[in-house]
Amino acid sequence: MIEVRGLTKLYGSLMAVDDLSFAVAPGEVLGLVGPNGAGKTTTLRSLVGIIRPTRGSIRIGGVDLEHDPVEAKRQLAFMPDEPRLFDYLTVEEHLRFTARLYGVRDADERITALLRELDLGEKTGALPDELSRGMKQKLAIACGLLHEPTALLFDEPLTGLDPAGMRRMKHTIVERARQGAAVILSSHLLQLVEEVCTRVLVIHRGRLVAIGTIAEIVASRPDLQGRSLEEIFLALTGT
Amino acid sequence: MIGSAIYLARRSLVNGIKRRVRRLRQPKYLLGFAVGLLYYYYFFLRPRGQTVSAVPGSSAEGVAIIGLATLVALGWLFGSSRSPLVYTPAETHFLFTAPLTRRQVLDFKLLRSQLALCLSSLLSVVLFSGGHFPPTRILRVLGLWLVFAALQMHSGVTALVRQSLEEHGITAVRRRLGAFVLVGAIVATAAFALRGRFDLLQAAFAESTTLGFETLTALLKSGVLGVLTWPLAALVRPALSPDLATFVERLPAALLIVAVHYVWLIRSSIAFEEVAVESAERMAVRIAAWRSGRRPPPLAGPAKRARAPLTRLAATGSPWRAIAWKNLQAEWRGSGVRLPVIIAVGVIGLAWVASLGESRGTGLGMLAVMFLMLGGMTVVFGPYGLRNDLRSDLQLWDLLKSYPVRGAELVAGEALGPVTVLSAIWWMCLAAAFAASLAVDVPGLSVSERVAAMLAGAIAAPGLLAITTLIQNAAVLFFPAWISVGPARAAGVEMIGQRLVTMVGSQVLLVVALIPAVVVGMVAVAAGGLAHITGVWLAVPGAFALAVTLAFEARLAVTWLGRKFERMDPAAEIGG
């Protein structure tokens with residue numbers, strides 16, 4: 001469960017996120033959409049504990065991120081648009097390193113299973129430089145899933161992936177939600193959002209513009225009836 | 001083409017200056033700029049009598065030839081396959097898609113780079129002018145410009161040859177072997193030409209340095225050596241001209257060398273285009289990564305193979321140890337082929353030093369001193385050079401902050417990596433110096449006392465290293481915009497000033513941290529005296545007390561920096 005109340009982030013006088021409140025239940029995939037500069041990345045980074053909100057509270061699995069960040073982060077996984085890897089750790093060492101940081105007890109078994117599941121078995125001794133873009137993405141996913149998080153956050157998850165990689169990524173997102181994780185997916189790809197997400201949160205200039213299923217959003221705005229998601233998005237954000 | 005290149009260079013220069021001037025409105029840049037200006041003025045521009053040169057004017061040519069030959073040889077032996085003529089993404093986009101021939105594209109790039117080379121030669125001359133800049137110094141600037149231009153093209157050719165060999169599947173070892181054979185053949189030819197004259201050279205240097213250099217220059221100008229070194233001599237002579245007439249007389253030969261390099265580079269241009277575009281693509285990825293606050297991929301072309309790990313990380317245990325282990329791995333694997341080469345060269349060198357002197361003890365004594373000097377340099381300068389801690393990892397700050405690890409644990413783990421490596425080097429140097437000293441009779445320092453001195457040094461250094469490393473990490477946490485994070489190095493007077501301010505601040509902090517530790521150490525020495533410990537052995541309790549105090553300070557610093565890390569938002573701070 002991810003609960004956000006009154007999230008506000010100020011950079012000097014610039015209001016990046018303004019009083020944002022929402023919740024994501026286990027098994028739910030929330031699509032976070034908005035034009036460039038709307039505050040999506042700031043929201044995601046606040047949710048992961050990368051940046052501190054100016055105001056508001058964030059609870060991950062009932063744990064307040066501000067008061068107990070270590071315990072809250074233990075339940076989280078963040079998948080950025082570009083895989084963040086260490087230059088001098090091999091595939092297997094990345095997983096062992098992550099296991100140590102997250103306190104995974106049965107790490108050896110999980111690492112073996114994940115390497116097999118993601119077809120990384122033959123690359124265990126390779127450094128990131130020796131991996132293709134897709135392989136790096138797989139490794140980043142493996143690191144994210146190793147500790148079996150209950151809250152997953154994806155930032156533009158399909159960036160740079162080939163069709164097979166895209167399919168695999170979508171499967172990962174849906175599968176984790178099916179297993180009971182609360183998922184937030186930030187993307188400009190409305191088709192992806194429509195395909196994968198159970199609800200959509202539209203954000204514009206840091207403020208929440210609409211939230212709900214597409215049917216609920218259309219019901220609250222009868223003038224959007226019969227329009228495509230792209231048209232709905234453009235109408236809501238005035239872009 | 002020439003007009004376009006000049007326009008681009010001119011506008012880029014003007015806009016760059018405007019941007020820097022605008023940046024001076026921010027106090028941190030203004031302070032850095034003021035300090036940087038003072039630094040340049042005090043050390044380079046302030047009038048202070050005649051310049052002092054270790055090399056007499058009449059022998060400068062010989063020294064310059066040897067210097068150039070060394071540069072060229074090092075380029076072929078250890079240079080990278082990355083061309084110095086790297087195209088920016090914008091240049092690639094505009095030039096390679098424009099209706100221009102390859103030669104025109106290369107001309108454009110070469111022309112554009114001339115402004116930077118000219119400024120470099122001007123700065124080089126001004127910086128070593130001792131505050132005096134008579135009109136004839138312009139000739140030196142022009143001459144140096146020719147040298148830089150030829151060297152730039154030579155590096156370009158070297159990179160292209162290397163790239164071409166890589167593409168043909170020639171491994172790095174075989175490429176280096178080829179270069180070694182080539183350079184070795186030239187050195188052997190030179191040695192053969194000098195046979196029978198070494199005694200003459202040795203006698204000349206024994207009499208006086210001036211005579212030694214003069215003899216060396218004369219030898220370099222004569223016979224086979226004269227033929228071998230002619231291209232280098234032709235290139236450096238205009239820069240060493242005393243007057244305009246000599247300069248004009250020497251200019252055609254230097255221009256010929258530059259022209260030969262130009263033609264050589266043009267001939268290599270088939271591979272050149274591919275290399276240039278590939279470099280531009282890599283640079284575009286890096287720039288995009290920097291702009292979005294992410295870590296850029298490394299510039300090196302071929303992928304690195306993973307060296308076997310130093311130790312295997314256990315699947316369970318404390319996170320800070322895992323972070324320290326990660327940094328040790330980075331140091332171990334990041335050193336590439338340099339580490340084995342350094343070790344091999346070091347062992348050969350040490351064996352040679354040990355065999356010096358009439359008796360065995362003379363060489364070993366020198367060896368002991370060398371190890372102590374190396375160890376001392378490791379302790380004093382190591383924390384500034386070894387940056388596999390927050391100074392490197394802050395590029396991945398978003399990843400670090402997403403870990404369920406307390407800030408203090410993270411900072412401790414980060415700092416522990418370099419401290420472990422540097423402590424290990426220091427201990428090894430100390431042990432080697434002690435072992436070598438056993439063959440020497442040091443007056444006033446018995447073997448037992450040497451043991452005491454070694455123990456004291458071994459105990460005290462890690463604390464000092466920890467404090468120095470933590471100060472550097474504190475600097476990057478508190479002033480992320482002032483410290484270079486990762487491999488990037490910002491340029492400019494204000495950046496020099498910022499580095500100076502940071503350096504001075506670090507030294508002040510170090511002194512402040514050392515004062516209580518030294519006081520406690522002295523109390524321990526006094527207490528040791530009361531306990532009837534005498535002589536050098538008193539240093540052991542002193543070092544122990546010093547180390548404990550520094551460890552306590554380090555613990556406090558880690559907690560403090562951990563809190564700072566948890567609160568910081570580098571994107572906001574660096575963005576300023």
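Two residues are in contact if their C-beta atoms, placed from the backbone, lie within 7 Å. The model is predicted.

The two chains differ in make-up. Chain A holds 9 helices and 10 strands. Chain B holds 23 helices and 0 strands. Of the 239 residues in chain A, 49% are buried. Of the 576 residues in chain B, 32% are buried. In chain A, 67% of the contacts between residues at least 6 apart join residues at least 24 apart. In chain B, residues 24 or more positions apart account for 80% of the contacts with a separation of 6 or more.

The chains touch each other. On the chain A side, 33 residues are in contact with 30 residues of chain B. Helices α1 (40-48), α2 (69-74), α3 (91-102) and α4 (107-117) of chain A each supply at least two residues of that side. The largest share, 7 residues, comes from α3(A). By class, the side of chain A that touches chain B has 16 nonpolar, 3 polar and 14 charged residues.

In soluble globular proteins, nonpolar side chains tend to be buried together. The largest nonpolar core here has 139 residues. Leu185(A) is one of those with the most contacts inside this core, along with Leu153(A), Val183(A), Ile184(A) and Leu470(B). Helix α20(B) gives the largest share of the core, 14 residues. A second core, of 28 residues, is separate. Among its members are Leu68(B), Val72(B), Leu216(B) and Ile257(B).

Two helix pairs in chain B were examined. Two packed helices are described by the angle between their axes and the distance between the axes. Helix α20 (residues 447-478) and helix α22 (residues 539-567) of chain B pack at an angle of about 20°, and their axes are 9 Å apart. Angles under 35 degrees count as roughly parallel. Helices α20(B) and α22(B) are therefore roughly parallel to each other. Their crossing is left-handed. By class, the contact of α20(B) with α22(B) has 27 nonpolar, 3 polar and 2 charged residues.

The other pair is α14 (residues 319-334) and α19 (residues 407-437) of chain B. These helices pack at an angle of about 40°, with axes 7 Å apart. That angle makes α14(B) oblique to α19(B). The crossing of α14(B) and α19(B) is right-handed. On the α14(B) side, the residues that meet α19(B) include Pro319(B), Trp320(B), Ile323(B), Leu328(B) and Glu331(B). On the α19(B) side, they include Glu409(B), Leu410(B), Leu416(B), Pro418(B) and Val421(B). By class, this contact has 11 nonpolar, 4 polar and 4 charged residues.

Cys143(A) is found in helix α5 of chain A. A residue is buried if 20 or more other C-beta atoms lie within 10 Å of its own. Cys143(A) has 24 such atoms within 10 Å, so it is buried. The residues touched by Cys143(A) are His94(A), Leu95(A) and Thr98(A), not counting those up to four places away in sequence. Cys143(A) and Thr98(A) are 45 residues apart in sequence, yet their C-alpha atoms are 6.3 Å apart in space.

Two glutamates of chain A have a positive phi. For Glu148(A), phi is near 50°, a positive value in a residue other than glycine. Glu148(A) sits in the loop between α5 (133-145) and β7 (151-155) of chain A. Glu148(A) is partly exposed, with 14 other C-beta atoms within 10 Å. For Glu156(A), phi is near 40°, again a positive value in a residue other than glycine. Glu156(A) lies in the loop between β7 and α6 (163-178) of chain A. With 18 C-beta neighbours inside 10 Å, Glu156(A) also counts as partly exposed.

Definitions and conventions:
Residues numbered from 1 in each chain as written. Chains lettered and ligands numbered in written order. Predicted model: local features only at pLDDT ≥ 70, side-chain atom pairs only at ≥ 80, totals over all residues. Helix = DSSP H or I, 4+ residues; strand = E, 2+ residues; numbered from the N terminus. Buried ≥ 20, exposed ≤ 12 C-beta atoms within 10 Å, placed from the backbone. Nonpolar A, V, L, I, M, F, W, Y, C, P; charged D, E, K, R; others polar. Axes fitted to C-alpha atoms, helices over the stretch in contact; angles between N-to-C directions. Parallel < 35°, antiparallel > 145°, perpendicular 65-115°, else oblique. Left-handed = near helix turned anticlockwise from the far one by under 90°. Core = buried A, V, L, I, M, F, W, Y, C linked by C-beta atoms within 7 Å.
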